[in-house]
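Here are my notes on the model. Please keep the structure open while you read.

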Amino acid sequence: MEPTATATAVSWFSGAFLVLLGFGTKFVSDWFQDKRTLQRERETRDALRRDQLAERRANFQRQTLLELQEAVQDLVRATGAAHVQDERMFRETGRWQRQPLGEEINQQIFLANRSVLLLTVRVRDQALRDAVSRFRSISNQTESLDNLRSNASDSELRSASFAALQNATTLIEQIHERIGELLRMLDDEETELVQTRDR
């Protein structure tokens with residue numbers, strides 16, 4: 001082979017090699033870039049799913065807390081109505097809680113208690129669950145003083161019922177305050193989530 005032919009062959013082979021090397025490099029570079037793009041897309045989808053899940057949880061808690069607040073108020077009203085009935089009968093008869101509650105008040109207490117119980121188990125905050133449980137217990141004491149009935153006078157029963165009602169009133173303020181705190185925390189977390197998304 002002539003030197004020129006050898007140089008041409010070497011030049012051709014090195015040119016072909018460089019072209020193939022360029023294609024190979026481009027292929028590897030594209031593969032890594034596609035892999036990084038897929039990874040970023042996967043991370044974005046995962047973050048979006050986490051955000052959506054957090055938003056659903058927050059909305060569920062917010063709705064539960066608002067409904068619980070209403071249900072607790074319904075129980076307060078029903079308990080108060082029962083207490084008024086007992087007071088009226090005490091003034092007429094001098095006897096405390098010796099007559100059954102009226103059907104309407106009895107139904108109100110039952111429905112409010114049921115709603116409070118069902119909503120309370122959905123609340124994530126243990127302190128609020130405990131406070132509502134204590135409130136239900138004290139609220140029920142205003143109408144169920146069986147532990148005192150056997151040896152207590154009607155005046156003592158009335159006083160115990162009134163004391164339970166006062167305790168329930170104090171506790172209801174704490175419950176509403178805690179619900180307000182939790183709602184504000186949910187709003188703050190939601191605001192922070194939106195700000196994080198916007199960055």
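1. Start with Leu111. Leu111 sits in helix α2; helices are DSSP runs of H or I with at least four residues, numbered from the N terminus. Its relative accessible area is 33%, so Leu111 is partly exposed (buried is under 20%, exposed over 50%, partly exposed in between; 1.4 Å probe, protein chains only). Asp74 is 37 residues away along the chain, with 8.8 Å between the two C-alpha atoms.

2. A word on the source. This is a predicted model: local features need pLDDT of at least 70, side-chain atom pairs count only at pLDDT 80 or more, and totals for chains, interfaces and linings use all residues. Residues are numbered from 1 along each chain as its sequence is written, and side-chain values use heavy atoms, without hydrogens and water.

3. pLDDT is the predictor's confidence in each residue, from 0 to 100. The protein averages 83, and 87% of the residues score at least 70. Helix α2 (residues 103-120) is highest at a mean of 93, and helix α4 (residues 146-149) lowest at 51. Where pLDDT is low, the predicted coordinates should not be read in detail.

4. Now helix α3. The 16 residues of α3 (residues 126-141) should span 22 Å at 1.5 Å a residue, and the end C-alpha atoms are 23 Å apart, which agrees. The expected span is 1.5 Å times one less than the number of residues.

5. Which residues of α3 are buried? They are Leu128, Ala131, Val132, Phe135, Ile138 and Ser139. These cover an arc of only 125° around the axis, so they lie on the same side of α3 (the arc is that of the directions from the helix axis to the C-beta atoms).

Conventions. Helix = DSSP H or I, 4+ residues; strand = E, 2+ residues; numbered from the N terminus.
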